[in-house]
Amino acid sequence: MWYYEKKLQYPVRVRECNPRLAKYLIEQYGGADGELSAALRYLNQRYSIPGKVIGLLTDIGTEEFAHLEMIATMVYKLTKDATPEQMKEAGLGAHYANHEKALYYENAAGSPWTATYINAKGDPIADLYEDIAAEEKARATYQWIINMSDDPELNDSLKFLREREIVHSQRFREAVEILKDEQDKKRIF
C-alpha cells in the first residue's frame, strides 16, 4: 500500500549545533499548530467529509507526516552535538532531564502534545475553515522561526515548509467552494 523512499520530502541541512533554534522548532513538532496535529486532524476529518474532498484530506494529512519527519531531522541535527550545558542554556534543561536528546511531542514551552489540539466538528465547511486557520497559523509560525534563525541552509528548508502551508491553505479554500456549490444545488427526489 505504501511506497517508502528513504529520503526527506525536501533536504534538511543545518550549519551548526543550535539547541535554542531547536527549542523553537519543537513547536512545529508537538505544538497545537504543528505538523503532528495537522496530520492527525486531516486524517481524522476525512471520515466525516463528503467524498469529493476526502482525497484532499488524505493527501495533505499524509504530507504533514513527511513535514513532521523534516522537523524531527532539523531538531536532531541542531541538538545532536549539544552538551548538557548548551541544552540548559537554550531553555531545554527540563527536556534534557526527562528525555536527553530524544524527540518528544511537546511545544516550545515544554507542554506535552494533547489530543485537544485536534478539532473535528463534523460539519464539513466548519472543519475546512478550521483547517485553513491551522495552515495559516503554521505558516506564521514558520515565518517567525525563520525571522529568528541566522542559518541560511536551515531557512531554505523552513521556507519550503512555509510555502507548503500556503498551498495547503489554498487547497482547503478550494474545497470549501466545492462543498458550498454542492449545498446550493437543487435536489429533486
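Guide: The axes of H1 and H3 come within 9 Å and cross at roughly 160 degrees; axes are lines fitted to C-alpha atoms, for helices over the stretch in contact, and angles run from 0 to 180 degrees between N-to-C directions. That makes H1 roughly antiparallel to H3, a label for angles over 145 degrees. Helices here are DSSP runs (H or I, at least four residues) numbered from the N terminus. This is a predicted model, in which local features need pLDDT of at least 70 and side-chain atom pairs pLDDT 80 or more, while totals for chains, interfaces and linings use all residues. Residues are numbered from 1 along each chain as its sequence is written, and side-chain values use heavy atoms, without hydrogens and water.

In H1, the residues Pro19, Leu21, Ala22, Leu25, Ile26, Gln28 and Tyr29 meet Leu68, Ile71, Ala72, Met74, Val75, Leu78 and Thr79 of H3, where contact means heavy atoms within 4.5 Å. By class, this contact has 12 nonpolar, 2 polar and no charged residues; Ala, Val, Leu, Ile, Met, Phe, Trp, Tyr, Cys and Pro count as nonpolar, Asp, Glu, Lys and Arg as charged, and the others, Gly among them, as polar.

H1 (19-30) and H3 (51-79) each also supply at least two residues of the lining of the largest cavity. Its lining includes Ile26, Tyr29, Val75 and Thr79. A cavity is a set of points on a 1 Å grid over the protein atoms alone where a 1.4 Å probe fits but cannot get out, and lining residues have an atom within 4 Å of a point. The lining has 8 nonpolar, 2 polar and 1 charged residues.

Definitions and conventions: On a 1 Å grid over the protein atoms alone, a cavity is a set of points where a 1.4 Å probe fits but cannot get out, and a pocket is an open set with protein on both sides within 12 Å along at least five of seven lines; lining residues have an atom within 4 Å of a point. Angles under 35 degrees count as roughly parallel, over 145 as roughly antiparallel, 65 to 115 as roughly perpendicular and the rest as oblique.
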